[in-house]
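Me: I would like a close look at one part of this model. Please keep the answer connected and brisk.

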Amino acid sequence: MAKILNSCFIVFSILCLVIGSQVYAVPYDYSYTKECLAKPLKPQYEGGVIVNPELNEGLKGWTKFGDSTVEHRESDDGNKYIVASARKQPFHSFSQKFNLEKEKLYTFSAWLQVSNENAYIAAIFKTNTSNVYAGWVTAQKGCWSMVKGGLVVNVSGPAELYFESNNTNVDIWADSISLQPFTNEEWKSHQDQSIEKFRKSKVKFQAVDQHGQPIPNATVSIKQNNANFPFGTAINQNILQNGAYQNWFFSRFKYTVFENELKWAETEYNRGVVDYSVSDALVNLAKSHGVTIRGHNVLWDSPKYQPHWVPGLSSNDLAAAAQKRLISVMTKYKGRFIHWDVVNENMHWNFFESRLGPNISTVYYKYANKIDGSRTTPFLNEFHTIEESSDGVASPSRYLQKIDEMRRGRYAGPLGIGAQGHFNNLNLPYTRSAIDMLASAKLPLWVTELDVKAGSNQANYLNQALREIHSHYAVQGIMMWTGWSPQGCFAMCLTDNNFRNLETGNVVDSFINELTHADGLRGTTDSNGFFEASLFHGEYEAQIINGDAVSSLQEISVVPNEEAVPDVHRLTVNV
C-alpha cells in the first residue's frame, strides 16, 4: 500500500488513495472567474505539471516561441508575470515544453492580459501530429482574464504550450498557469462524485409494525415513476404516420424538439402563405403522450437557411417580414413550449445583423420575451461551444460576451444557454471546462442537439459524452439530435429502419435505465428497520414486504437535499 501511495504521488503530483478497485483523487476544480481582475488568482492545482506557474522564479521553464521578445516583469503590488512583446506573427509568444500521455486527460487554465486594447487569445499545444487548441479568452488591458480549457492527445510524446492572437499589436502577458493531468479512473471518479452530489439524494426507509416497532430483515421495494432530469431527442414528421416509430420513441422519452418543422423556411415556404399543419400535428402528438417540447427555432441567422424569398428583400421588407414571423409563430404556440431558440446560431452567423443592424438579435429577444417570456425561456443556441476546441467563433468566452452584449443592449429578461454538442471527436477536459465557463453566467444551461459523427467509436463516444454532460452540476437537460428518416439521420441514428436498436440506441437505453432505476430497487432493513438508498431525483413509490404482509404503496418525491441527514420515510406493515 505504501508503494502504491508513493507512486501515485510521483506520477500524478496529487495524493491518491487506492482501496480495492476504487480510486479517490484530488477533486476536480469546477471554478471559473469571468470577471477581469486587478490581480490574478492562484493557479489551479498549484500549477499541476507547469514549471514555475506563478513566475516567481524568473523565466525558469519558459522560452520564446517564434520571433518575439520574452521578459519577466513585476508589478507595483509584487505580482510577477511573463510578457511576449515585439510580436510579428499571431503565434509569436512564450512557451513551455512537456511530455503528454495519450491515456491522460489534461485540464488547463491561465490568466492573461494585454498591453493595449484587447485581444482574442488561444492557448495551443503543439504536438508532433497536430496543434491542439486548449482554450480561448478575450484578454484586456489593465486587468487579468481567466482562460480555462483542456485537451487530450492522440499520441504520447512531446508537446509545447504557446499562445496565439491575430492582434500582433499587443504584448501578451500571462500568470498563474496550470496544466493538471488526470487518469481515466480519476476522471470517472469526478463524474461519480458529482452525480452523487447533484443528481441523487440519499433516502432512508423504516419498516415498522402497527405498534410502531421496527421490523428487521424486511424487504423494501422501490420503483421510479418519473425521472426529474430532462432527457430527450428530436423527432420529425416521419413519426406522424409511423406506428413503429411512435412506439419506439414514446416508450423512452418525455422531452422532444422538432428537427425542421417549426423553422421559417418550412412554415412559410412561399411568402405570405403560412402553414402550421405539420408542426400542429407534431405538437398534438407529443402533447397527447405527455411529452414536453423545446421550440426550435424562430429565426436562423445563417444566410443559407432562410426561406428562398427572404434574401432578396429590401432591408425594410426584411425587418417587417422577420417581425411578422416572430409574432406569428410565438403567438400561435404561446405557452406550449418550455424554450424557444429565438435567433439560432447568432454567433457563427449574422444574416439579420448584416442587414438590420448589430443589435437586432437583442431586439428579437425583447419581442420574444414580451410575447411568451413568462412561460417559455428564450434561448441562445450554438454549435462548437462545448464540443470543438479549435473553433473559437462561439467559444465559451465568446458566448459569455454575447450574453453581456445583450444585457448591455437592455435585454433584462429570462435567457437560456443552448450548447448544441455535435461531436466529431471527444475532448472531455475541454467539454467540462467549457461548461464550467458557461455556468458562470448563472443561466439555465441545456445541451440541445447532442450527436456523434459516424465511425467505429460512435457508440463509445456517445456513452462518454452523455455521462460527462449529465455529471456536470450546471447542465439542466440534454436533447439529442437523432430524428429518424428512411434516408438516414442528420449525423447519428439510434435505430435501423425497422426500429431495432443500433449500438447507439443501446447506449441510450442503458443511460435511461440507469437514470430511472429501470430494474427496480430492493433492499433489506437492518436491525432497527432501516434501509438507505441513493436515488436519482424523481417521483417514486415504495413498499415494505415482510413475509406475506405488505404495506400500502407510499409515493415519495426525491429532490435535492443539501442536508447531510437523509429524508426518512416510515412505512407500516400490519403483522
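How close do the axes of helix α9 and α10 come, and at what angle do they cross?

Reply: This is a predicted model. Start with the two helices. Helix α9 spans residues 396-408, and helix α10 spans residues 428-439. Their axes come within 9 Å and cross at roughly 15 degrees. Angles under 35 degrees count as roughly parallel, so α9 is roughly parallel to α10. The crossing of α9 past α10 is right-handed.

Now the residues at this meeting. From α9 come Pro396, Ser397, Tyr399 and Leu400. They meet Tyr430, Ala434, Met437 and Leu438 of α10.

Helix α10 also matters for the largest nonpolar core. That core holds 107 residues. Phe231, Phe249, Phe352, Tyr364, Ile386 and Leu450 touch the most other members. Helix α10 supplies the largest share of this core, with 7 residues.

Last, a strand pair. Strand β8 (residues 118-127) runs antiparallel to β9, and 9 bridges join them. One of these pairs Phe125 with Val132 in β9. The two strands form a hairpin with 3 residues between them. Of the 10 residues of β9 (residues 131-140), 8 are buried, so the strand is largely enclosed by the rest of the structure.

How values were computed:
Residues numbered from 1 in each chain as written. Predicted model: local features only at pLDDT ≥ 70, side-chain atom pairs only at ≥ 80, totals over all residues. Heavy atoms only, no water. Core = buried A, V, L, I, M, F, W, Y, C linked by side-chain atoms within 4.5 Å. Buried < 20%, exposed > 50% of the residue type's maximum accessible area, 1.4 Å probe, protein only. Helix = DSSP H or I, 4+ residues; strand = E, 2+ residues; numbered from the N terminus. Pairing = 2+ DSSP bridges. Axes fitted to C-alpha atoms, helices over the stretch in contact; angles between N-to-C directions. Parallel < 35°, antiparallel > 145°, perpendicular 65-115°, else oblique. Left-handed = near helix turned anticlockwise from the far one by under 90°. Contact = heavy atoms within 4.5 Å.
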